[in-house]
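Good morning, and thank you for coming. I would ask you to keep the sequence and the structure in view while I speak.

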Amino acid sequence: MGVTITGIGSHIPQGVASNSNFENSKFFNEDGSKFGQENTVIIEKFKAITGIAERRYVNKKFSTSDIAAIAAKEAIENAGIDAETIDYIIVAHNYGDVKHNTSQSDTVPSIASRVKHILKIKNPACVGYDMLFGCPGWIESMIQANAFIKAGIAKRCLVIGAETLSRVIDPHDRDSMIYSDGAGAAIVEYVDGDGGILTHNSATYAYEEANFIYFGESNNQEVSDARKYIKMYGRRIYNFALTNVPEAMKKCLDASGYDIKDLKKVLIHQANEKMDEAILIRFYELYGMKMPKGIMPMTINKLGNSSVATVPTLFDLITKGKLEGHSINKGDIIMFASVGAGMNINAMVYKS
């Protein structure tokens with residue numbers, strides 16, 4: 001039984017923020033002390049580590065639900081289906097709708113309900129709910145859609161990953177340069193044949209790792225409001241990812257019955273270029289191999305880290321021939337993988 005992506009879409013915001021936009025920022029350490037290097041040095045080191053030269057921010061009039069709906073419409077059109085036939089709308093996000101120039105997150109009603117409203121779907125049997133699973137949320141939503149379809153609970157699902165992280169970043173934290181906005185969506189349904197989702201693997205590490213990514217106050221202690229921002233312990237996350245993600249990927253691939261040499265692409269969450277590369281190198285080392293060239297497509301250099309949106313956006317761009325040097329052909333074995341807040345990890349092997 002092949003639970004397959006039959007339609008894909010994305011929304012890449014038009015607003016481009018280059019690294020030079022941060023040259024006049026006032027960066028502070030977590031303890032409130034001023035950072036000891038010039039911004040030009042900070043930005044140069046940041047680019048070398050993360051690979052990010054620019055990122056995308058949404059139009060002021062849009063919120064997470066708006067761009068989620070835009071990506072959804074594109075996926076529906078790409079699949080050539082009637083939206084009224086969708087059984088489930090699953091929207092992965094982390095911070096809800098945060099409108100421009102506001103500080104409060106709005107998650108009632110759910111983002112999925114808002115997307116359904118924007119799409120003007122009348123069918124009450126089309127059920128919408130949100131997935132809060134950190135950056136791996138879109139992959140985890142795909143795993144749930146796969147389960148629903150295989151169990152006979154649903155025939156067709158709309159799975160979306162959308163985030164507007166530009167609305168929850170601390171301008172006085174160097175890590176704010178990582179985050180961006182975006183949305184990706186997929187129509188998932190049963191298709192006769194041996195393709196589709198083959199295997200998957202998920203894990204939550206919360207004994208010591210739960211707060212590696214968290215919501216905290218500004219690094220600038222002169223800021224008097226009680227607003228919270230996305231925060232992370234980068235070095236801890238890096239070490240955690242290198243220890244755990246390759247093992248999860250190997251477990252997932254081994255369960256599929258395919259050989260490592262059959263793998264054509266690994267679509268990994270666009271978190272940090274150096275970290276993603278280190279994960280893939282270690283993954284291939286588990287098989288006694290070197291990482292092949294061209295196995296790991298990257299968009300982080302231009303699009304930044306848009307959390308749950310990075311993987312479906314990457315798949316959309318490759319599928320539609322919009323990412324130079326990369327393609328996915330019929331029958332190709334590919335892997336989706338992600339790591340993020342929770343701390344959560346997942347991987348999924350897919351035959352196109």
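M343 sits in the loop between β12, residues 333-340, and β13, residues 344-351. The peptide bond that leads from G342 into M343 is cis, with omega near -10°. Please bear in mind that this is a predicted model.

To place that bond in context, most residues other than glycine have a negative phi, and most peptide bonds are trans. Where is the other cis bond that I wish to show you? A cis peptide bond joins V108 and P109, and its omega is about 0°. P109 belongs to the loop between β4 and α3.

That loop between β4 and α3 also holds N101. N101 is not a glycine, yet its phi is positive, at about 65°. Is N101 buried or exposed? Its relative accessibility is 71%, and therefore N101 counts as exposed.

A further positive phi is found at K120, which is a residue other than glycine, with a value near 60°. K120 comes after α3, in the loop between α3 and β5. With a relative accessible area of 57%, K120 is exposed, since the cut-off for that word is over 50%.

Let us now turn to helix α3 itself, which covers residues 111-119. Which of its residues are buried? They are I111, A112, R114, V115, K116 and L119. Notice that R114 and K116 are on this list, and that both count as charged. An α-helix has 3.6 residues a turn, so residues three or four places apart point the same way.

Two packed helices are described by the angle between their axes and the distance between the axes. For α2 and α3, the angle is about 55° and the axes are 9 Å apart. Because of that angle, α2 is oblique to α3. Their crossing is right-handed. On the α2 side, the contact is made by S65, D66, A68, A69, A72, K73 and I76, and on the α3 side by I111, R114, V115, I118 and L119. Sorted by class, this contact has 8 nonpolar, 1 polar and 3 charged residues.

Another pair of helices can be described in the same terms. Helix α5, residues 234-256, packs with helix α6, residues 273-285, at an angle of about 45°, and their axes are 9 Å apart. That angle makes α5 oblique to α6. The crossing of α5 and α6 is right-handed. From α5, the residues in contact are I237, Y238, A241, L242, T243, V245, P246, M249, K250 and L253, while α6 contributes K274, M275, A278, I279, L280, R282 and F283. What is the make-up of the contact by class? The contact of α5 with α6 has 13 nonpolar, 1 polar and 3 charged residues.

In the loop between β10, residues 229-232, and α5, we find Y233. Y233 counts as partly exposed because its relative accessibility is 26%. Y233 and F212 are 21 residues apart along the chain, and their C-alpha atoms are separated by 5.4 Å. Setting aside residues up to four places away in sequence, Y233 touches E30, N211, F212 and Y214.

I shall close with two buried residues in other helices. N39 lies in helix α1, residues 39-50. At 13% relative accessibility, N39 counts as buried. Which atom does its side chain reach? The side chain of N39 reaches the backbone oxygen of S25, at 2.6 Å. Apart from neighbours within four places in sequence, N39 is in contact with F22, E23, N24, S25 and F27.

L317 is part of helix α8, residues 310-319. L317 also counts as buried, with a relative accessibility of 10%. Leaving out residues up to four places away in sequence, L317 touches I12, T299, L303, K322 and L323. From L317 to E273 the separation is 44 residues in sequence and 18 Å in space, C-alpha to C-alpha.

Thank you for your attention.

Conventions: Residues numbered from 1 in each chain as written. Predicted model: local features only at pLDDT ≥ 70, side-chain atom pairs only at ≥ 80, totals over all residues. Heavy atoms only, no water. Axes fitted to C-alpha atoms, helices over the stretch in contact; angles between N-to-C directions. Helix = DSSP H or I, 4+ residues; strand = E, 2+ residues; numbered from the N terminus. Parallel < 35°, antiparallel > 145°, perpendicular 65-115°, else oblique. Left-handed = near helix turned anticlockwise from the far one by under 90°. Contact = heavy atoms within 4.5 Å. Buried < 20%, exposed > 50% of the residue type's maximum accessible area, 1.4 Å probe, protein only. Polar contact = N/O pair within 3.5 Å; in protein donor to acceptor, adjacent residues only side chain to side chain.
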